[in-house]
Amino acid sequence: MAGPNRIVQDLRRARVLVAHPRDEDGDVLVSHLKRLGCEVRATWPLPPTLPPDVDTLFLHIEDTQVEQALQISETQQPAIIAILTYESPTALQAIIDLNAHGVISKPLRPLGILTQFALARYRHSYEKRLVGKVQKLEETLKGRRLVDKAVSALRAMNGLEEEAAYRLLRDQATAKRVPMAQVAEAIIAAHDTMRSFGLPLPGKPSAG
């Protein structure tokens with residue numbers, strides 16, 4: 001669990017873009033964020049893309065910008081804190097579509113900004129960790145499927161028992177210092193190539 005000092009340090013490391021009309025509310029938000037010590041830039045309207053170093057976006061929800069914000073969310077994936085003027089169905093749908101990590105309502109006051117800022121960055125970081133874990137699991141499962149398929153190919157080509165085929169695959173990976181999945185892919189490719197050309201498998205007699 002992150003301690004109070006660590007949370008504050010994380011906020012101060014943030015690189016923030018405030019996409020909000022340049023009015024009193026926008027000034028309140030920018031001033032408060034600067035007092036926290038983080039790097040803050042302000043713009044309006046929302047640009048087509050964010051500066052590459054921006055990791056947190058405070059976004060004033062406007063109907064005309066939702067599609068553009070969705071594209072930014074999908075490609076650049078910043079932490080997003082939505083700023084609402086009215087809790088209209090359209091605005092609520094935009095928050096859901098954007099998967100906003102935090103929400104603040106107008107008129108803006110310093111109280112509550114820090115909470116939503118910290119919450120949004122925590123949620124964003126947590127989601128990234130979950131995505132990373134899912135990707136690793138998918139890679140592991142893919143590797144397991146490749147190994148199983150390669151073991152079957154080795155059994156077909158060399159007439160090996162399953163355990164012996166697996167051991168051969170593992171020993172080759174160890175000797176070459178590469179992942180088993182990489183060796184498995186090469187074995188599968190060789191097996192498929194031989195079959196596609198109608199060549200006899202090494203472990204089996206040719207027809208006729």
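**View 1. Surroundings of Leu-98 in the predicted model.** Setting aside neighbours within four places in sequence, Leu-98 is in contact (heavy atoms within 4.5 Å) with Leu-59, Ile-61, Ala-69, Leu-70, Ser-73 and Ile-80. As this is a predicted model, local features need pLDDT of at least 70 and side-chain atom pairs count only at pLDDT 80 or more, whereas totals for chains, interfaces and linings use all residues. Residues are numbered from 1 along each chain as its sequence is written, and side-chain values use heavy atoms, with hydrogens and water left out.

**View 2. The nonpolar cores.** A nonpolar core is a set of buried Ala, Val, Leu, Ile, Met, Phe, Trp, Tyr and Cys residues joined through side-chain atoms within 4.5 Å; buried means under 20% relative accessible area, with a 1.4 Å probe and protein chains only. The largest such core has 20 residues, and those with the most contacts inside it are Leu-46, Leu-50, Leu-57, Leu-59, Ile-61 and Leu-98. At least two residues of this core come from each of E1, E3, helix H3 (66–75), E4 and helix H4 (89–98). Another core, of 18 residues, lies apart from it and includes Leu-36, Ile-81, Leu-108 and Ala-120.

**View 3. Strand E1 and its partners.** Helices (H or I, at least four residues) and strands (E, at least two) are DSSP runs, numbered from the N terminus. Four of the five residues of strand E1 (residues 15–19) are buried, so this strand is largely enclosed by the rest of the structure. Five bridges join E1 to strand E2 (residues 39–43), and the two run parallel; here Leu-17 has Arg-41 of E2 as its bridge partner. Strand E3 (residues 56–60) is also parallel to E1 and is joined to it by four bridges. In E3, Thr-56 is the bridge partner of Val-16, and Leu-59 is that of Ala-19.

View 4. Two strands pair if DSSP finds at least two bridges between them. Five strands, in the order E2-E1-E3-E4-E5, form an open sheet with parallel pairing. E2 and strand E5 (102–105) are the edge strands, each pairing on one side only. From one strand to the next, the twist averages 20°. Helix H5 (residues 113–158) packs on the sheet and touches E1, E3, strand E4 (79–84) and E5. The direction of H5 makes about 145° with that of E4; axes are lines fitted to C-alpha atoms, for helices over the stretch in contact, and angles run from 0 to 180 degrees between N-to-C directions.

Note on methods:
Buried < 20%, exposed > 50% of the residue type's maximum accessible area, 1.4 Å probe, protein only.
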